[in-house]
Amino acid sequence: MAMLHTVNKSPFERNSLNSCLSKSKEGSTILLIEDAVVGALKGTVIADKLTAAMSNKNIYVLGSDLNTRGFTEAEILDGIKVVDYSGFVDLVAEHSNVQSWL
Amino acid sequence: MSDDIKKFMFVNTKAPYGTVYALESLEVVLISAAFDQDVSLVFCDDGVFQITRNQNTEASGMKNFSPAYKALGDYDINKLYVEKESLEERGLTLDNLMDLTYEDEDDDWAEKPSIKLVTRAELADLMDGQDVIISS
């Protein structure tokens with residue numbers, strides 16, 4: 001089974017999403033939570049990189065953290081899926097292991 | 001008293017909620033309003049996310065402190081500088097930000113926008129002219 005990666009820091013301030021993208025295997029899943037959710041927005045300087053990663057990785061964003069920062073599903077990149085807390089739990093259960101990128 | 005007025009600039013560079021910097025800075029700003037100083041705020045880098053509109057914390061259960069920024073105008077804090085390049089890098093425009101206004105006592109209390117869009121270079125000049133700069 002594949003790995004679930006969680007990232008919780010803004011990609012505009014830290015390098016953790018970059019590290020995650022470069023060290024995660026094909027077929028793995030990346031979930032953006034807390035301040036990392038802003039990385040899912042359309043039109044950002046990292047949008048192309050994230051879109052490219054979606055060719056062989058699954059990318060999710062935690063909806064409640066997105067709403068907290070004033071954004072909705074309509075404002076994020078096509079291909080990124082939104083999950084709620086129970087969806088987060090499902091992702092953890094479906095994957096063999098979880099790696100947190102801080 | 002006027003001789004004692006200093007130019008205070010609060011520079012906000014971090015996204016809200018993930019860390020406590022944004023909330024702590026806002027509290028210091030509101031306290032500073034009580035001392036009749038020349039106060040301005042800057043929102044640059046991830047700090048621009050502090051004043052996005054439609055913040056909804058219902059599902060996350062956190063305290064939504066964004067409405068407090070709307071009170072700044074009532075405390076005569078009406079110079080809010082937003083860095084243009086920071087918005088662009090994050091796929092945002094002024095439309096993504098809250099309408100933050102103040103009533104101008106020198107213009108029959110007309111309601112005016114507090115947010116001023118500035119470039120990185122203009123921000124450098126503004127920072128250069130301050131007496132005190134507090135970053136978070």
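## Figure legends: chains A and B of a predicted model

With 102 residues, chain A has a radius of gyration of 12 Å, which agrees with the value near 13 Å that a compact globule would have; the radius is taken over C-alpha atoms, and the globule rule is 2.2 Å times the number of residues to the power 0.38. The model is predicted, so local features need pLDDT of at least 70 and side-chain atom pairs count only at pLDDT 80 or more, whereas totals for chains, interfaces and linings use all residues. Residues are numbered from 1 along each chain as its sequence is written, and chains are lettered from A and ligands numbered from 1 in the order in which they are written.

**View 1. Overall fold of chain A.** Chain A contains four helices and five strands, arranged along the sequence as β-α-β-α-β-α-β-α-β. Helices (H or I, at least four residues) and strands (E, at least two) are DSSP runs, numbered from the N terminus. A box of roughly 35 × 30 × 25 Å, taken along the principal axes, is filled by the C-alpha atoms of chain A. Of the 102 residues in chain A, 45% are buried; a residue is buried if 20 or more other C-beta atoms lie within 10 Å of its own, exposed if 12 or fewer, and partly exposed in between, with C-beta atoms placed from the backbone. Among contacts in chain A with a separation of 6 or more, 69% join residues 24 or more positions apart; two residues are in contact if their C-beta atoms, placed from the backbone, lie within 7 Å.

**View 2. The open sheet of chain A.** Five strands with parallel pairing make up this sheet, in the order β4-β3-β2-β1-β5; two strands pair if DSSP finds at least two bridges between them. At the edges are β4 (81-83) and β5 of chain A, each pairing on one side only. On average, neighbouring strands are turned by 30° against each other, direction ignored. Axes are lines fitted to C-alpha atoms, for helices over the stretch in contact, and angles run from 0 to 180 degrees between N-to-C directions. β1(A) and β5(A) run parallel and are joined by five bridges, and A:V7 stands opposite A:W101 in β5(A). Helix α1(A) packs on the sheet, where it touches β1, β2 and β5 of chain A, and its direction makes about 165° with that of β1(A).

**View 3. The open sheet of chain B and its helices.** Chain B has three helices and seven strands, and its elements run β-α-β-β-α-β-β-β-α-β from the N terminus on. Five of the strands form an open sheet with parallel pairing, in the order β6-β3-β2-β1-β7. β6 (115-118) and β7 (132-135) of chain B stand at the edges with a single partner strand each, so one side of each is left without a neighbour in the sheet. Neighbouring strands of this sheet are turned by 25° against each other on average, direction ignored. Strand β1 (residues 7-12) of chain B runs parallel to β7(B), with four bridges joining them; the bridge partner of B:F8 in β7(B) is B:V132. Helix α1 (residues 21-32) of chain B packs on the sheet and touches β1, β2 (38-43) and β7 of chain B, its direction making about 165° with that of β1(B). Helix α3 (residues 120-128) of chain B lies across β1, β2, β3 (80-83), β6 and β7 of chain B, at about 140° to β3(B).

**View 4. Two loop residues of chain B with positive phi.** B:Y17 lies in the loop between β1 and α1 of chain B, and its phi is near 80°, a positive value in a residue other than glycine. B:Y17 is buried, with 24 other C-beta atoms within 10 Å. B:D108 is in the loop between β4 (101-104) and β5 (110-113) of chain B; phi of B:D108 is near 55°, also positive in a residue other than glycine. B:D108 counts as exposed, with 7 C-beta neighbours inside 10 Å.
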